[in-house]
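Here are my notes on the model, as numbered points. Please read them with the structure open.

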Amino acid sequence: MRVIIYTGKGGVGKTSLAAATALGAAAHGHRTLVLSTDSAHSLGDSLGTPLGPDPRTVAPNVDALEIDVLTELERSWKAVHEYLLRLLASQGVEEITAQEVVILPGMELIAALLRLDGIEQEHRYDTAVLDTAPTAETLRLLSFPDAIEWYFDRVLRMQRRVTRVVRSTVGRAMKTPLPSEGFFDTLEELHERFRRVRALLTDPGRSTVRLVVNPERMVIAETQRAYTYLCLFGLTVELLVVNRIMPKEATSGYFAPTRSEQDRNLGSLEELFGALPQLPVPRYPREVIGRESLDQLGKDVFGENDPARIWPSSPPIRFRMREGAPSIELTLPLVDPSAVQLSQRGDTLYLTVGAYRRSIALPVAYTRSQVERAYFDKGTFVIRFRGGDAAKH
Ligand SMILES: Nc1ncnc2c1ncn2[C@@H]1O[C@H](COP(=O)(O)OP(=O)(O)O)[C@@H](O)[C@H]1O
Ligand SMILES: [Mg+2]
């Protein structure tokens, strides 16, 4: 399944573009699903039809849904959910309150990822278009499979063993309920599903991210940061959609300064986003709501192109020999080198940029060697390993 993710600052046009892309992809013959992962859903408003947590057909070959955390949790998280409820009940928390507090912050993300995995497994769609929440939330969503991997690997196995011992010894006398085997089975299954969704999201042949900006300074600044972090997580950033460009004829008088400001900002995009292909979209005189306006938007953005095609870009992480030494190259644009930290533990490399950390599992040939040097070569971060053993393999 092809996955297209739209992200960007609030209000830039993500929902409109996701809907337009889905309609356009369907017109090119793809069985398409467009899904909103933003808990403040507006996909239904954009398409002009109410949506729910299950797919509804909104046009020929196009289904749409808005993810609902509670529904998803009940479906995929049952044993964990039940345990948390029992745990809270044992602490005297009433059921109604408990039902609310078990929805922890971040669960929307978990729900969205599990749902995407479920959809991929169904093989009902060729293309899934994701309409996401504003950037910060979406970065958390997309970094989550990487972060949770660490937890599952180290903590879960140990906890399971400890719980087994406790249950067969002092467990009976304890007031606090212990997690059941079902709880752990659910977590293990979730682990598997996160792994699968991570593989899907970081496969440049299937999943790509399209950044949406408006020609405004604050919007551009936020999107630059997003671009960096998306690359850090190994997602392929494919396009920059530049929405709401004021047409020349509408920019005399009152709006004249707007247009010249936009011109300046448009001029800076190439410098800031390098070779990332840019698709310009005009600012329309009216809101983009309903099939007709969305079709028009799709035509203006993609022309005759299939909106589901993959625009060529280099993969975000590359393992290759460089000047005789095994190296890792990461596309990591717009980073202040002093904000980058690198450490190696066994077969895992940890790369921290600002507040985000990524773990990179090293291929076998690299694990016998150690990092010799790391440096920036324009927008590429190069991690060079000692030659020696690894070079021979
Ligand atoms: N190019 C455009 N011209 C005019 N209005 C637009 C354009 N793109 C989006 N809009 C309108 O701007 C508002 C916000 O767009 P939306 O797609 O919901 O943004 P986001 O999902 O990024 O918050 C909506 O009312 C939408 O119809
Ligand atoms: Mg939106």
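1. Overall burial and fold. Of the 393 residues in the protein, 37% are buried. This is a predicted model, and everything below should be read as such. The protein has 13 helices and 15 strands. Among contacts with a separation of 6 or more, 71% join residues 24 or more positions apart.

2. Ligand 1. The shell around ligand 1 holds 17 residues, and Gly13, Lys14, Thr15, Ser16 and Glu287 come nearest. By class, the shell divides into eight polar, five nonpolar and four charged residues. At least two shell residues come from each of helix 1 (14–27) and strand 7 (237–245). Helix 1 gives the most, with three residues.

3. Helix 9. Does the length of this helix fit its residue count, or where does it depart? Helix 9 covers residues 217–232, and its 16 residues should span 22 Å at 1.5 Å a residue; the end C-alpha atoms lie 23 Å apart, so the two agree. Its buried residues are Val219, Ile220, Thr223, Ala226, Tyr227, Thr228, Tyr229, Leu230, Cys231 and Leu232. Just after the helix, Gly234 has a positive phi of about 85 degrees.

4. Asn61. Most residues other than glycine have a negative phi. Asn61 is not a glycine, yet its phi is positive, at about 70 degrees. Asn61 sits in the loop between strand 3 (56–59) and strand 4 (62–66). Is Asn61 buried or exposed? Asn61 counts as buried because 20 other C-beta atoms lie within 10 Å, and the cut-off for burial is 20 or more.

5. Lys378. A positive phi also occurs at Lys378, near 55 degrees, and this residue is other than glycine. Lys378 is placed in the loop between strand 14 (371–377) and strand 15 (380–385). With 8 other C-beta atoms within 10 Å, Lys378 is exposed, since the limit for that class is 12 or fewer.

6. Asn305. The loop between helix 11 (291–302) and strand 9 (317–322) contains Asn305. Asn305 has 12 C-beta neighbours inside 10 Å and therefore counts as exposed. Which distance separates Asn305 from His28 in space? The C-alpha atoms of Asn305 and His28 are 9.0 Å apart, although the two residues are 277 apart in sequence.

Conventions: Residues numbered from 1 in each chain as written. Chains lettered and ligands numbered in written order. Predicted model: local features only at pLDDT ≥ 70, side-chain atom pairs only at ≥ 80, totals over all residues. Helix = DSSP H or I, 4+ residues; strand = E, 2+ residues; numbered from the N terminus. Expected span 1.5 Å × (residues − 1). Near = placed C-beta within 6 Å. Nonpolar A, V, L, I, M, F, W, Y, C, P; charged D, E, K, R; others polar. Contact = placed C-beta atoms within 7 Å.
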